[in-house]
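Here is a short report for a first look at this structure.

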Amino acid sequence: MGYFFQSMCEEIVATGGILDKFIGDCIMALWNVPRRVEGHASAACRAALRMQTALMGLSEKWCLEGLPEVKFRTGINTARVLVGNYGCDYRINYTALGDGVNLASRLE
């Protein structure tokens, strides 16, 4: 999974996104925070396409090594959400919260 995460995160960063967190085998990424990104919705779509292309290359290599196929899905949404440091006394994360985040997860 390390190769997968590295490859996917490189595409996110290359399009102006930031890695929010890993959730199991999922990646949550954000655009337009903490700095403004012009065309952030298009950038997120470009990242998804670049990630699919990158995964095709990885899949070919892994198939030759006898490893199982990895599938990829994307959920993209643009909305006003709360972004900042959230948590409790035991742990704080910089993340996004709100209905728009939940919708993106469900679109996946």
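## Terms and model

Rings of Phe, Tyr and Trp (its six-membered ring) pair if their centres lie within 6.5 Å; planes under 30 degrees apart count as stacked, over 60 as edge-to-face and the rest as tilted. This is a predicted model, where local features need pLDDT of at least 70, side-chain atom pairs count only at pLDDT 80 or more, and totals for chains, interfaces and linings use all residues. Residues are numbered from 1 along each chain as its sequence is written, and side-chain values use heavy atoms, leaving out hydrogens and water.

## The aromatic cluster

F4, F5 and F22 form one aromatic cluster. The whole structure holds 2 aromatic pairs. F4 and F5 have ring centres 5.7 Å apart and planes at 50°, so this pair is tilted. F5 and F22 are tilted too, with centres 4.2 Å apart and planes at 40°. F5 lies in helix α1 (residues 2–14) and F22 in strand β1, so their pair ties together parts 17 residues apart in sequence. Helices (H or I, at least four residues) and strands (E, at least two) are DSSP runs, numbered from the N terminus.

Buried means under 20% relative accessible area, exposed over 50%, partly exposed in between (1.4 Å probe, protein chains only). F4 is buried at 7%. F5 is buried at 15%. F22 is partly exposed at 40%.

## The hairpin

Strands β1 (residues 18–23) and β2 (residues 26–30) pair in the antiparallel sense over 5 bridges. Pairing requires at least two bridges found by DSSP. L19 stands opposite A29 in β2. The hairpin has 2 residues between its strands, and G24 takes a positive phi near 65°.

## A charge over a ring

K61 lies over the face of Y3, at 5.4 Å from the ring centre. The criterion is NZ of Lys or CZ of Arg within 6 Å of the ring centre and within 35 degrees of the ring normal.
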